[in-house]
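Have the structure open while you read.

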Amino acid sequence: MTSRKVTALVTGAAQGIGKAIAIQLAKDGYQVAITDLPFQKAKALETVKEIETIGSKSLFIPCDSSKKNEVFDAVEETYQTFGSFNTMVNNAGIATIAPLLETTEEQINKILNVNINGVVYGIQAAAKKFEQLGNQPGKIINAASIASYEAGVMLGLYSATKFAVRGLTQSAAKELASKKITVNCYCPGIVMTPMWDEIDKKSCEITGAPRGSVTKRALDKIVLGRCSEPQDVANLVSFLASEKADYMTGQAIVVDGGSIYH
């Protein structure tokens, strides 16, 4: 556990991977602000309560990561509330499940706005705040996916956005290194969250396969014999946010139980 007064902002943290990350960072000694969409307020406040039970300070900020001003405002509110700002976790993301040839313009715009624009805004907002704090060193950690290395069936748009996150991470790492800001991303595999449940459900509906068959096929490829839990991903982010990862930047690290190799 760090002895410094450190603060993190985790986007999309009302549930799933984001929630696990926020709670783990609190256990690591962070004060943790979380964002999510307004309709997720009840779940977000449950996350805040769990963090406070650990003994850390927490805050929920309603925020749409596809809106630049809301992301910048969330970073500022985090700093004003806790008096410090050290780590930005751009976790918020959505999935579109559809055959590529049937993908609509609305679906394209929606997922690009959240999964790509939201990460760009998070990088920009965090870097600006670090600069305002006297060019303070900082950490930016982005959510990619194993789909950023190997695109998935029915997940063309999602895969494309996660390929983009890897590119953004590398570019930002190079541009911000002189400011002592590291930028890395985590690439989860099949994680048992509401998002994956929806992927399995819709994929099976489109193909006519039995419910759960997509998960079974994915599980058969995992050499460690189980799907991931959100905590598996949170453990990696905990490392990336720590001083132990100070000499790492521009990296996209897979945590998938041995499903893909690159």
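A crossing is called left-handed if the near helix is turned anticlockwise from the far one by less than a right angle, and right-handed if clockwise. Helices here (H or I, at least four residues) and strands (E, at least two) are DSSP runs, numbered from the N terminus. What you're looking at is a predicted model, where local features need pLDDT of at least 70 and side-chain atom pairs count only at pLDDT 80 or more, while totals for chains, interfaces and linings use all residues. Residues are numbered from 1 along each chain as its sequence is written, and side-chain values use heavy atoms, with hydrogens and water left out.

**Two helix pairs**

Two packed helices are described by the angle between their axes and the distance between the axes. Axes are lines fitted to C-alpha atoms, for helices over the stretch in contact, and angles run from 0 to 180 degrees between N-to-C directions.

Take α4 (residues 105-132) and α5 (residues 156-176): their axes come within 10 Å and cross at roughly 15 degrees. That makes α4 roughly parallel to α5 (angles under 35 degrees count as roughly parallel, over 145 as roughly antiparallel, 65 to 115 as roughly perpendicular and the rest as oblique). The crossing of these two, α4 and α5, is right-handed. On the α4 side, the residues in contact (heavy atoms within 4.5 Å) include Ile108, Ile111, Leu112 and Val119, and on the α5 side they include Leu157, Tyr158, Val165 and Leu168. Sorted by type, the α4 and α5 contact residues come out as 15 nonpolar, three polar and one charged. For that count, Ala, Val, Leu, Ile, Met, Phe, Trp, Tyr, Cys and Pro are nonpolar, Asp, Glu, Lys and Arg are charged, and the others, Gly among them, are polar.

Now for α1 (residues 16-27) and α8 (residues 230-241), which pack at about 50 degrees with their axes 8 Å apart. The pair α1 and α8 is therefore oblique, and α1 passes α8 in a right-handed crossing. Among the residues making this contact are Ile17, Ala20 and Ile21 of α1, along with Val233, Ala234 and Val237 of α8. The contact of α1 with α8 splits into nine nonpolar, five polar and no charged residues.

**One aromatic pair**

How many aromatic pairs does a search of the whole structure find? The search finds one. The ring centres of phenylalanine 85 and phenylalanine 130 are 5.3 Å apart and the planes sit at 25 degrees, so the pair is stacked. (Rings of Phe, Tyr and Trp, its six-membered ring, pair if their centres lie within 6.5 Å; planes under 30 degrees apart count as stacked, over 60 as edge-to-face and the rest as tilted.) Phenylalanine 85 is in the loop between α3 (68-82) and β4 (87-90) and phenylalanine 130 is in helix α4, so the pair ties together parts 45 residues apart in sequence.

**Some buried residues**

Buried means under 20% relative accessible area, exposed over 50%, and partly exposed in between (1.4 Å probe, protein chains only).

| Residue | Relative accessible area |
|---|---|
| Phenylalanine 85 | 0% |
| Phenylalanine 130 | 0% |
| Threonine 78 | 0% |
| Threonine 87 | 1% |
| Aspartate 200 | 4% |

Threonine 78 lies in helix α3, and threonine 87 is in strand β4. Leaving out residues up to four places away in sequence, threonine 78 touches Phe85, among others, while the contacts of threonine 87, counted that way, include Phe130. Aspartate 200 belongs to helix α6 (residues 194-207), and its C-alpha atom is 7.0 Å from that of arginine 211, 11 residues along the chain.
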